[in-house]
Amino acid sequence: MAEQARIEDLHLVHVTKSFGTFTAVDDLSLTVPGGGFFALLGPSGCGKTTTLRMVAGLETPSEGQILLGDRDITTRRPYERSINTVFQSYALFPHLDIFENVAFGLRRQGVKGAEVEQRVNAVLELVELTALARRKPAQLSGGQQQRVAVARALVNRPDVLLLDEPLGALDLKLRRQMQIELKRIQSEVGTTFIHVTHDQEEAMTMADTIAVMNAGLIEQMGAPAEMYDLPRTAFVANFLGQSNLVHGQITGRDGADLLVRVPGGEVRLPANRAADDSGGLIIGVRPEKMRIAYKDEQNVNRVRGEVLDVSFTGVATQYTVETPWDPDRPVTVFELNDEGAPEVKAGDNVELVWEYGFTFGLDGDDDLDAGNELAAEAAEVAEAADAEDE
Amino acid sequence: MPATTHAVRYRPSAWMRTSRWIRSHLIAAYGILALLYLFLPIAVVFLFSFNKPVGRQNSTWNAFSFDAWTHISRDPTIMNALGISLRIALVATFVATILGSLIAFALVRYRFIGRSSTNLIIFLPMATPEVVLGASLLALFLNMGLPLGFTTIAIAHIMFCISFVVVTVKSRLQGMDPRLEEAAADLYANERETFRYVTLPLVAPGIAAAALLSFSLSFDDYIITNFNSGTIVTFPMYVWGAAQRGIPPQVNVIGSIMFFGSLAIVIAAQLVGKARRKA
């Protein structure tokens, strides 16, 4: 697998897919960098699976183009493109053993005898399933079947490997294990991986680049840490991790910082972290960036509030604090349980502080709850899948 | 459980022991009775194939004999009727299995105008009393001026076998993960290869079951056949006719052979399936 040079970018150009009156994917333009691990993250029904199926050739776009490098593959049949898929249900052929499942693609491409043997064995070794080559899929555990599905796709050395929620059916522990495994395989073979998932943690763990998708559109795209640090929409702020958000009004500028009036005080943030420099702005800050002030601190934003709830989670403690920002939307704070953690109980009055630079400013017209309900729903779906496996 | 420590000293009464024994063996007893009920008639058929009947009627046990087994074809009309039935069954099975499987694929795979009414129409021959089917087919053939015989019987059998084939193959197809064919296409198999290497092998057991069912339905049919046979006599018609005068034990022999033959097929299929799963 030394053909590093030929890895090409995948381009989706103004792609739209409608089913009757329902638009699943709406004028989507996207470039997936070649050779990287790309995650398409979004709640169920956001169009991510449809997007994947269009790349695989299992659906044809209503409009727009799909390009691999500079080749237009929009209307190519699935078997005419060098793109392979790991299906959510694995879709292993039940009548063929593991070896023949993996060899299927090679045989259809006309690869013969010894080469088939050699390539299948190599890829089975890569996913550590050599010993099970003559078993039938039904005799394998979920994790093993998943690895067969990956091997069956990878053996063809595709330009792009598509993964459609491949870990959804596995229990939590196995899922973590497979995340690391897939990441290892990807860096070993260097193929472009496109991974569709609704699990934001999974996307952040595995991907070099994440595109957050909502209602048929890409909300934001970038490196995981970058996007987590500076979400550009309320949907991303809520779906990718958790955020405390409040509506504010920009009142002025102080050097490189913007001053924003929020209920009960004023917040300062770097202007380059704000979506706007005048008018309304949604102020956001991640729960772990906030802390309960126990000494005098400089250069921080502040908000006072009353602790409603303290819950100990082992590594950290989560505080729910009611503030003047919005009494109906209490602020969440994560404090690591290390030295300096304050002794606070429900009913206490506290001051929350965070560095100016951790603040982000979103478009004032965004919906504070965008992505919130969906994140909860996605978590529920994931939990239900876990429960089923036990 | 603390109760177990006391149970050592506890001696259940005789009545309790019996009732417990009955309860634990009730299902087995029930199962044996049900199997007896199913297989007793076949056992009688088998047994009487070794009878040496006194008169024309093979209904009272006289003496043990291999006579009927060694002289199956003593009466040429039996063999003739058997041959006709087998040939009709083969033709009906062949045509009905192909047509029915194609219909099943169409019904499961495609959404078209008239799909639900097709489903209903396919079901009708199974729900219609055979007498009615036979009589109306006869009227049809007479009106068309088609001479009654092998062809009309075959047409009638194909007609009612199709329904059973469609139902059997359809359920197999519906149970198949549609992602499998997508996976095949994704793995460089074109439509023809996908059908050959994935769809067909997976649906084959359903098609085979449908063919076996068609064969026995066709071979066995009396009522519809009787309406449309003209001068031809099939095996069931021969047996029916012979029953008036006295059935020769050769009929029992043929019945037994058919039974053990189908049993052998089923056992072989099971063994092959088991071997495949193990491999």
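Predicted model: local features only at pLDDT ≥ 70, side-chain atom pairs only at ≥ 80, totals over all residues.
Reader: What is the phi of A:D27?
Author: The phi of A:D27 is near 50°, a positive value in a residue that is not glycine. Most residues other than glycine have a negative phi.

Reader: What about A:A215; what is the value of phi there?
Author: For A:A215 phi is also positive, near 50°, and this residue is not a glycine either. A:A215 sits in the loop between β9 (209-214) and β10 (217-222) of chain A. With a relative accessibility of 56%, A:A215 counts as exposed.

Reader: Turning to A:V350, is that residue buried or exposed?
Author: A:V350 is buried, because its relative accessible area is 6% and the cut-off for buried is under 20%. A:V350 lies in strand β19 of chain A, residues 349-355.

Reader: Which residues does A:V350 touch, leaving aside those up to four places away in sequence?
Author: A:V350 touches A:I292, A:V303, A:R304, A:G305, A:V307, A:V321 and A:V344.

Reader: How far apart are A:V350 and A:Q298?
Author: They are 52 residues apart in sequence, and their C-alpha atoms are 17 Å apart in space.

Reader: May we step back to chain A as a whole? How many helices and strands does the chain have?
Author: Chain A has 9 helices and 20 strands. Of its 390 residues, 53% count as buried. Among contacts in chain A with a separation of 6 or more, 67% join residues 24 or more positions apart.

Reader: What is the mean pLDDT of chain A?
Author: The mean is 88, and 93% of the residues reach 70 or more. Among the elements of chain A, helix α2 (residues 98-108) has the highest mean pLDDT, 95, whereas helix α9 (residues 372-389) has the lowest, 61.

Reader: One last topic: how many residues of chain A and of chain B take part in their contact?
Author: The contact involves 27 residues from chain A and 22 residues from chain B. In chain A, the residues that lose the most area to chain B are A:Y79, A:H95 and A:R108, together 31% of what that side buries.

Reader: What is the area buried between the two chains?
Author: About 2100 Å² is buried between chain A and chain B, and carbon and sulfur atoms give 59% of that area.

Notes. Residues numbered from 1 in each chain as written. Chains lettered and ligands numbered in written order. Heavy atoms only, no water. pLDDT = per-residue confidence, 0-100. Helix = DSSP H or I, 4+ residues; strand = E, 2+ residues; numbered from the N terminus. Buried < 20%, exposed > 50% of the residue type's maximum accessible area, 1.4 Å probe, protein only. Contact = heavy atoms within 4.5 Å. Buried area = accessible area lost by both parts, 1.4 Å probe.
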